[in-house]
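Let's take a walk through a protein model together. Have the sequence and the 3D view ready, and turn the view as you read.

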Amino acid sequence: MRFPSDDELMAGPNAFEGIEFDEETLSRLEAGEEVEAVASVSSEEKTASALEEQPADGSTDEGFSDSDDEADDDEAADWDEDWEEEDPDEVFARLEDLKGLREDANAGAGLMMPEYPEDFRAGFVSIVGRPNVGKSTLTNALVGQKIAITSGRPETTRHNIRGIVHKENSQIVLVDTPGYHRPRTLLGKRLNDMVREALAEVDCVVFCLPADQRIGPGDQFIARELRDVRRPIIAVATKADLVSRDRLMKHLLAIDAMGDFAAIVPVSAHTGEGVDILSDVLSQNVPLSPPLYPAGNVTDESRDTLIAEFIREAALEGVRDELPHSLAVQVEEIIERPQREGDTRKPLVDVHVNVYVERDSQKAIIIGKRGSRLKEIGSRSRPLIEELLDKRVYLDLHVRTAKDWQSDPKMLGRLGF
């Protein structure tokens, strides 16, 4: 069977050849209107023309012979006979059966689900609050190890970090969010959007209110926002170790007056006081569910994200107030060096990192005199990175200026915001 080529099709007869149009039809064609063309060639002329163009061997230009047409006719006749012999009800019954998956086509067959108690609970818990109220420190205390960076500077957390708490009868997935605040830049708006997204996708909410600070307009604003969240709200008085017992009681009464909370728990993440109580309360407020993450996992953050956060945490120590908002870290690449023969030490990896600031004056602050500040950042963050990678690390830090990156959509996208 042969199909005509493009050249043969282009050289073929004109579809409008032999068709005549009257003056009215021609004017309508020129105006772009659709018309029905009526051929002036008679049927006898067309038949004679077709016979003249047909090859002597009986084949057509398209490569089909008369025998092919006869075979097609015979096959169609056989199909009609087979269809007449079939019971329509049986045919439709078979089609209905094909809509579902066959038992032997189950892709999950043979997979073993881990055993868990019937009353096992698991769910997502979002931790919200103003900037610098102890959300990340509380997350680390609940998980039992460091998975979120902490700093005395506000707005340290810049994305939703998930930490996983494994208990005998429950699994709690904590979502540490950026501080909810009044945004001044495009970055601030996107951070607030992250908080709203977290509130819409969780089973329970932890509202942090530091005991060493009076409840202010920012706390009241967040409390009003939480009224529309149809989830259990757990109010947590953080930093309880920094105030006296009387001051803590007054703070708890002030929290109770703000709204209808499922529970109010005083906690000190530094001393561990109240952490286990809060963990039990959260377990009771997540739904019945199988485990959401494998046992042993403490976070789902990527390797590069954790490395960048460790470096940014080290860079935030001892710097001016305006710099934390202008500082961003991005891991460019990680390359493992070939192991030398006979070297029994852990492999050595080169970690190339870009540290971005908004102005050249900030660049000088990060680098320090003769690079002393930059070396200190590397010394503080390298042990955490080596523990994460379980390898020796050569940290290559480059400080770059990206003017007004907090309001640059392209730069924010490049940095993952």
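This is a predicted model: local features need pLDDT of at least 70, side-chain atom pairs count only at pLDDT 80 or more; totals for chains, interfaces and linings use all residues.

Residues are numbered from 1 along each chain as its sequence is written, and side-chain values use heavy atoms, with hydrogens and water left out.

First, the big picture. The protein chain has 15 helices and 9 strands; helices (H or I, at least four residues) and strands (E, at least two) are DSSP runs numbered from the N terminus. Of its 417 residues, 37% count as buried. Here buried means under 20% relative accessible area, exposed means over 50%, and partly exposed is in between, with a 1.4 Å probe and protein chains only. The accessible surface of the chain is about 25900 Å², and carbon and sulfur atoms own 49% of that; these areas come from the Shrake-Rupley method with a 1.4 Å probe, and for residues only the protein chains shown count as cover. Now think about contacts, meaning heavy atoms within 4.5 Å. Among contacts in the chain with a separation of 6 or more, 71% are between residues 24 or more positions apart.

Next, find helix α8, residues 217–226. Which of its residues are buried? They are Asp219, Ile222, Ala223 and Leu226. Looking down the axis of α8, these buried residues fall within an arc of 105 degrees, so they line one face of the helix. The arc is taken from the directions from the helix axis to the C-beta atoms.

Now for some helix pairs. Two packed helices are described by the angle between their axes and the distance between the axes. The axes are lines fitted to C-alpha atoms, for helices over the stretch in contact, and the angles run from 0 to 180 degrees between N-to-C directions. Angles under 35 degrees count as roughly parallel, over 145 as roughly antiparallel, 65 to 115 as roughly perpendicular, and the rest as oblique.

Take α6 (residues 135–143) and α10 (residues 275–284): their axes come within 10 Å and cross at roughly 85 degrees. That makes α6 roughly perpendicular to α10. Leu138, Ala141 and Leu142 of α6 meet Val275, Leu278, Ser279 and Leu282 of α10. By class, this contact has 6 nonpolar residues, 1 polar and no charged. Nonpolar covers Ala, Val, Leu, Ile, Met, Phe, Trp, Tyr, Cys and Pro; charged covers Asp, Glu, Lys and Arg; the others, Gly among them, are polar.

How about α13 (residues 360–367) and α14 (residues 372–389)? Their axes are 5 Å apart, at an angle of about 60 degrees, and the two helices are therefore oblique to each other. Ile365, Ile366 and Ile367 of α13 touch Ser372, Arg373, Leu374 and Ile377 of α14. This contact has 5 nonpolar, 1 polar and 1 charged residues.

Finally, the loops. Asp390 sits in the loop between α14 and β9 (392–401). Asp390 isn't a glycine, yet its phi is positive, about 55 degrees. With 47% relative accessibility, Asp390 is partly exposed.

Arg337 is in the loop between β7 (328–336) and β8 (348–357), and is partly exposed too, at 36%. Setting aside neighbours within four places in sequence, Arg337 contacts Leu348, Asp350 and Tyr394.
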